[in-house]
Amino acid sequence: MAQASKETTGSAAAASTNEQLLELLSLGTDVQLLFEDEAVPGHAQTLSMWSKVLSNALEAGNCSSSSSASLLNYNSKPASGPITIPMDGTSKNDWLTAVSFIYPVVPQALVTWDNLEMSTASCVGCYGSCQVLLAIGSKYDMPALLSRAATFLESNKNVLNSKPGSLQFVWKWIPLADAAGLSEVAQACIDSAVKDIAVVAECKKEVLLDLSPATSSHLAAALAEQIIRNEHMRVKAYLLKESAPAGCNWDSAYCSHCMTLRRHYKYESATVKCGVCRSTVS
């Protein structure tokens, strides 16, 4: 019941925000963005400032029209009417979710796990693949929008978990961030994630296939470093219990590095390490 109430409230809030947006977008519109189901109005100057892809599309549209109006001259409209831009592969609801971070709507749009990944209007309570802020920010080259998503992910990297299907599943967000060009954020999430053994256990080979070479290398290095740290901790725990790690035998020798005569452990390779300073015993 509580979940249903939350979803209903979320849907109502999204609908209210969309109504505000459509009203704002209709004021002085000089662009029509064509989605599969319908067109959404827009403003050339605003779109040009926020999106490099749409800026290029608008420049091409102006050049192909008979109008001499400049994108910067936003008080003028092309003589042939508003420029139309097809938004193939993007839904109207996803676009309005992204645009809510651009226009002054009430309440002010905030980045959440829901709108970071999915359309709050059409996918409430489901685990879709809309990936609104990351996908649209990347697709239309919108650095300011991606920056908002990056800040949210990096601030919440410690709540990412090892549960597949969860909104905070770490191995979902790392590839998404990396694919959106946020490699530094993806790598920061990796550094935090590998500290949790349960999270590492959920790192499947499919994850590597979706990562860029730089982030894939960073993941491999982070995993290796964490394995070494875990092994050091395991050995230290055994030493404190005065029992040898698996594959080791106890020995006694004089350590010339830390000047102690203590019990040491010797691996099968016959290398003897000091239990105090971890140097090779002479």
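The legends below walk through one predicted model, from the whole chain to a set of close-ups.

A few notes on reading them: in this predicted model, local features need pLDDT of at least 70 and side-chain atom pairs count only at pLDDT 80 or more, while totals for chains, interfaces and linings use all residues. Residues are numbered from 1 along each chain as its sequence is written, and side-chain values use heavy atoms, with hydrogens and water left out.

**Figure 1. The whole chain, for orientation.**
The secondary structure comes to 12 helices and 6 strands; helices (H or I, at least four residues) and strands (E, at least two) are DSSP runs, numbered from the N terminus. Of the 282 residues of the chain, 40% count as buried. Here, buried means under 20% relative accessible area, exposed means over 50%, and partly exposed lies in between (1.4 Å probe, protein chains only). The accessible surface of the chain is about 15,300 Å², and 55% of that belongs to carbon and sulfur atoms; these areas come from the Shrake-Rupley method with a 1.4 Å probe, and for residues only the protein chains shown count as cover. Among contacts (heavy atoms within 4.5 Å) with a separation of 6 or more, 53% are between residues 24 or more positions apart.

**Figure 2. The salt bridge between lysine 92 and glutamate 38.**
The structure holds 1 salt bridge, a term that stands for a side-chain nitrogen of Lys or Arg within 4 Å of a carboxyl oxygen of Asp or Glu. Its partners are the side chains of lysine 92 and glutamate 38, at 2.9 Å from N to O. Lysine 92 belongs to helix H4 (residues 92-99) and glutamate 38 to the loop between strand E1 (31-34) and strand E2 (39-42), so the pair ties together parts that are 54 residues apart in sequence. How do the two compare in cover? Lysine 92 counts as buried at 14% relative accessibility, whereas glutamate 38 is partly exposed at 38%.

**Figure 3**
The structure holds 3 aromatic pairs. Rings of Phe, Tyr and Trp (its six-membered ring) pair if their centres lie within 6.5 Å; planes under 30 degrees apart count as stacked, over 60 as edge-to-face and the rest as tilted. One of the pairs joins tryptophan 113 and phenylalanine 152 edge-to-face, with 5.0 Å centre to centre and 75° between the planes. This pair links distant parts of the chain, with tryptophan 113 in helix H5 and phenylalanine 152 in helix H7, 39 residues apart. Tryptophan 113 is buried at 12% relative accessibility, and phenylalanine 152 is buried at 16%. Tryptophan 113 also forms a tilted pair with tryptophan 173, at 5.5 Å centre to centre and 50° between the planes. Here the link runs from helix H5 to helix H8, across 60 residues. Trp113, Phe152 and Trp173 form one aromatic cluster.

**Figure 4. Helix H8 and the glycine that follows.**
Helix H8 (residues 170-179) is mostly covered, with 9 of its 10 residues buried. Just after H8, glycine 181 takes a positive phi of about 90°.

**Figure 5. The loop between H4 and H5.**
Serine 100 lies in the loop between H4 and helix H5 (113-117) and is buried, with a relative accessible area of 9%. Its side chain reaches the backbone oxygen of threonine 97 at 2.5 Å. Leaving aside neighbours within four places in sequence, serine 100 is in contact with Thr17, Leu21, Val105 and Ala109. Proline 107 has its place in this loop too, and a cis peptide bond, with omega about 0°, joins valine 106 to proline 107.

**Figure 6. Aspartate 141, between H6 and H7.**
Aspartate 141 is found in the loop between helix H6 (132-139) and helix H7 (143-155), and is partly exposed, with a relative accessible area of 30%.

**Figure 7. Serine 192 in helix H9.**
Serine 192 is found in helix H9 (residues 183-193) and is buried, at 16% relative accessible area. Not counting residues up to four places away in sequence, serine 192 touches Lys157 and Asn158.

Terms used:
Polar contact = N/O pair within 3.5 Å; in protein donor to acceptor, adjacent residues only side chain to side chain.
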